[in-house]
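Try each task yourself before you read its solution.

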Amino acid sequence: MNDVPRSVPPPFDQVPIRLSELRVGRMARLHAANLPAQDCALLGALGMTDRCVLRICKVGEPCIVQVQSTRIGLSRSVADGIMVVPETAG
């Protein structure tokens, strides 16, 4: 599956939050996207696929995330529709 998942069960001990709620530098795993199908397909083509890990580079408008070696600028409304599970510091 190359598209952003509509819903993936999170680890039992973690609660998904909106991508827009993360602070700069935080890492998170993609959980779901409450977005139109065409937006999900585009994000999937850019590398935001099932459970990918991303890093927040900038918050606000635009929200900039890094997925692997690619940085992606997202509008606030798109970032609000993406649910992630923050990675625990280890």
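**Exercise 1.** In this predicted model, find which residues Leu54 is in contact with, leaving aside its neighbours within four places in sequence.

*Solution.* Start by selecting heavy atoms within 4.5 Å of Leu54, since that is what contact means here. With the sequence neighbours set aside, the selection gives Leu19, Arg26, Met27, Ala28, Met48, Val65, Gln66 and Val67.

**Exercise 2.** Locate Arg51 and Gln68, and work out whether each is exposed or partly exposed.

*Solution.* First, the backbone: Arg51 has a positive phi of about 55° without being a glycine, and Gln68, also not a glycine, has phi near 55°. Most residues other than glycine have a negative phi. Then the location: Arg51 sits in the loop between helix 1 and strand 3, while Gln68 belongs to the loop between strand 4 and strand 5. Last, apply the cut-off for exposed, over 50% relative accessible area. Arg51, at 39%, is partly exposed; Gln68, at 73%, is exposed.

**Exercise 3.** Inspect the peptide bond from Glu61 to Pro62: is it cis or trans?

*Solution.* Read omega, which is near 0°, and the bond is cis. Then place Pro62 in the chain: the loop between strand 3 and strand 4 holds this residue.

Notes: Residues numbered from 1 in each chain as written. Predicted model: local features only at pLDDT ≥ 70, side-chain atom pairs only at ≥ 80, totals over all residues. Heavy atoms only, no water. Helix = DSSP H or I, 4+ residues; strand = E, 2+ residues; numbered from the N terminus. Buried < 20%, exposed > 50% of the residue type's maximum accessible area, 1.4 Å probe, protein only.
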